[in-house]
Amino acid sequence: MTHENSPFTPGYPVPIEFFVGRKSQIDLLLKKIISASTGRLQIAFLCGERGIGKSSLAYFVKILSERNHHFVGIHNYLGGVTSLTVMVRRILDNLLNESVDKAWHEKIIQSFKNHVKRVGLFGVSLELDIDPKDLDHTVNNFAPTLHKISDQLKTAEKKGLLVILDDINGLASSAEFAHWIKSLVDTIATSDKNIPLCLLLVGLEERRQSLVKLQPSLSRVFDIIDIAAWSDDESKEFFSEAFSKVNVDIEQKALENMVFAAGGLPVMAHEIGDAVFNIDKDNYIDGDDAYKGIFNAADIVGRKHLEPQVFKAIQSKKYRSILKKVATKPFGFEFQRKEVIEILGRPEEKVFDNFLTRMTELGVIIRSPEKGKGYYKFRNLLHYLYFLITAGKTKNTISASK
Ligand SMILES: Nc1ncnc2c1ncn2[C@@H]1O[C@H](COP(=O)(O)OP(=O)(O)OP(=O)(O)O)[C@@H](O)[C@H]1O
Ligand SMILES: [Mg+2]
């Protein structure tokens with residue numbers, strides 16, 4: 001039997017027809033969109049751990065804001081960007097390219113006057129044609145620039161602008177960026193010109209903390225929108241809907257095992273779904289397909305998502321064996337040093353303290369002082385689930401339903 005294409009998109013923001021959950025965060029963000037459309041500046045920080053679905057949620061809200069609220073959304077991926085000029089140029093280039101084929105294209109071109117050029121093979125992309133001095137000026141006067149753009153958009157029946165600054169890792173440690181955000185917010189708030197703007201920053205919680213450290217007043221500026229793991233029901237809904245879209249049935253036990261191994265982490269769910277889909281030959285996922293697929297997914301996650309230094313460190317047999325033990329019952333996401341020691345063999349025990357130091361340095365685990373002395377926890381679900389599944393290979397944590 002021939003297979004359709006996989007409905008899973010590991011590594012990419014999810015297409016909207018496969019989007020699951022996040023209802024309360026969507027409601028909150030749409031309230032902000034409505035409020036921004038009345039001219040009240042809205043600014044939020046969307047945070048959550050790696051692979052939890054931040055970019056997907058931001059993208060989903062952008063689409064809803066465009067379809068239902070007449071907004072123009074610009075999703076800017078700023079990974080690796082460290083300077084304000086590169087960031088501002090990226091935002092404006094994205095706006096230009098977003099406008100292509102839209103009714104408001106001419107309005108945007110007009111607001112940039114003759115500072116637009118066609119680039120790329122066949123001239124398919126647009127780029128801002130601006131000299132460095134003018135660009136610096138635009139960075140320092142971003143509020144008036146936004147005002148001008150939103151004025152032009154108004155004449156094209158657009159109600160506001162959603163600017164998403166995603167993957168701000170490089171910028172979040174820059175005092176210049178922190179001060180730029182603060183002064184942008186202050187300038188807009190104290191200006192007599194309303195700008196219907198919703199600014200959405202997206203990143204890990206530690207990035208938000210880093211910004212607030214650099215510019216303490218930002219803690220009052222951001223509304224924090226946090227994304228947590230999916231519930232089991234949401235994970236079930238995700239797998240069931242995705243497989244049913246490609247006419248694949250799932251045995252109940254196989255579904256439960258996939259839900260368990262995904263641990264509510266969307267990136268894991270996609271890797272598992274994709275691997276199981278590739279294993280299946282008869283459009284029916286039974287326990288055996290799920291079992292094999294889950295372990296294939298763990299291998300893929302290890303190679304694709306773990307940091308190279310972590311991957312290298314866990315090639316040590318003893319470290320691997322310890323990690324498997326701490327990731328499974330009776331411990332799990334959190335564990336206490338002295339309790340783990342009790343179940344370690346002699347060779348593992350000898351390297352256990354080195355292991356704790358190294359894994360802490362690498363950010364696989366962190367101390368958990370709020371829990372008590374000698375407590376540690378995994379830094380994120382991705383690491384934890386990887387070791388949990390890998391442990392299942394030998395311990396039968398994830399049972400095949402054969
Ligand atoms: N609500 C959702 N419904 C279905 N799939 C989702 C959802 N959210 C995220 N995903 C999927 O999970 C994976 C990770 O999502 P995404 O890239 O949005 O996460 P992220 O938090 O932005 O990750 P990172 O921290 O790496 O930037 C992707 O494969 C995406 O398709
Ligand atoms: Mg992302």
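**Reading a ligand shell, its domains and a sheet**

User: I would like to begin with the ligand: how many residues of the shell around ligand 1 are nonpolar, how many are polar and how many are charged?

Analyst: The residues of that shell divide into eleven nonpolar, nine polar and four charged. Please keep in mind while reading that this is a predicted model.

User: Which residues come nearest to ligand 1, and which helices supply at least two residues of the shell?

Analyst: Of the 24 residues around ligand 1, those that come nearest are Val14, Gly53, Ser55, Ser56 and Pro266. Two helices, helix 2 (54–69) and helix 13 (266–279), each supply at least two residues of the shell.

User: How should I read the position of ligand 1 relative to the domains, and why does it lie between two of them?

Analyst: The idea is to ask which domains give residues to the shell. The protein is divided into domain 1 (22–226), domain 2 (230–305) and domain 3 (307–402). Both domain 1 and domain 2 give residues to the shell around ligand 1, and therefore ligand 1 lies between them.

User: What can be said about the contact between domain 2 and domain 3?

Analyst: The size of an interface is often given as the accessible area lost when the parts come together. Here the description is in residues instead: 19 residues of domain 2 are in contact with twelve residues of domain 3. On the side of domain 2 that touches domain 3, the elements giving two or more residues are helix 12 (252–262), helix 13 and helix 14 (287–305), and the largest share, nine residues, comes from helix 14. That side of domain 2 divides into eleven nonpolar, five polar and three charged residues. Taken over C-alpha atoms, the centres of domain 2 and domain 3 are separated by 24 Å.

User: Is helix 12 enclosed by the rest of the structure or exposed, and which of its residues are buried?

Analyst: An α-helix has 3.6 residues a turn, so residues three or four places apart point the same way. In this case eight of the eleven residues of helix 12 are buried, so the helix is largely enclosed by the rest of the structure. The buried residues are Ala254, Glu256, Asn257, Met258, Val259, Phe260, Ala261 and Ala262. Just after helix 12, Gly263 takes a positive phi of about 55 degrees.

User: Why does Val267 count as buried, and which residues is Val267 in contact with, leaving aside its neighbours within four places in sequence?

Analyst: A residue is judged by counting C-beta neighbours, with 20 or more within 10 Å making it buried. Val267 has 22 such neighbours inside 10 Å and therefore counts as buried. Val267 lies in helix 13, and, with its neighbours within four places in sequence left aside, Val267 is in contact with Pro10, Gly51 and Leu382.

User: Finally, what is the order of the strands in the open sheet of five strands, and which strands are at its edges?

Analyst: Strand 2 (71–77) and strand 7 (223–226) are the edge strands, each pairing on one side only, and from one strand to the next the twist averages 20 degrees. Strand 1 (residues 42–47) and strand 6 (residues 197–203) run parallel and are joined by six bridges; Phe45 has Leu201 in strand 6 as its bridge partner. The protein as a whole has 19 helices and twelve strands, and 39% of its 402 residues count as buried.

Notes: Residues are numbered from 1 along each chain as its sequence is written. Chains are lettered from A and ligands numbered from 1 in the order in which they are written. This is a predicted model: local features need pLDDT of at least 70, side-chain atom pairs count only at pLDDT 80 or more; totals for chains, interfaces and linings use all residues. Two strands pair if DSSP finds at least two bridges between them. Helices (H or I, at least four residues) and strands (E, at least two) are DSSP runs, numbered from the N terminus. Axes are lines fitted to C-alpha atoms, for helices over the stretch in contact, and angles run from 0 to 180 degrees between N-to-C directions. A residue is buried if 20 or more other C-beta atoms lie within 10 Å of its own, exposed if 12 or fewer, and partly exposed in between; C-beta atoms are placed from the backbone. A residue is near a molecule or strand if its C-beta atom, placed from the backbone, lies within 6 Å of it. Ala, Val, Leu, Ile, Met, Phe, Trp, Tyr, Cys and Pro count as nonpolar, Asp, Glu, Lys and Arg as charged, and the others, Gly among them, as polar. Domain bounds come from an automatic or database domain assignment. Two residues are in contact if their C-beta atoms, placed from the backbone, lie within 7 Å.
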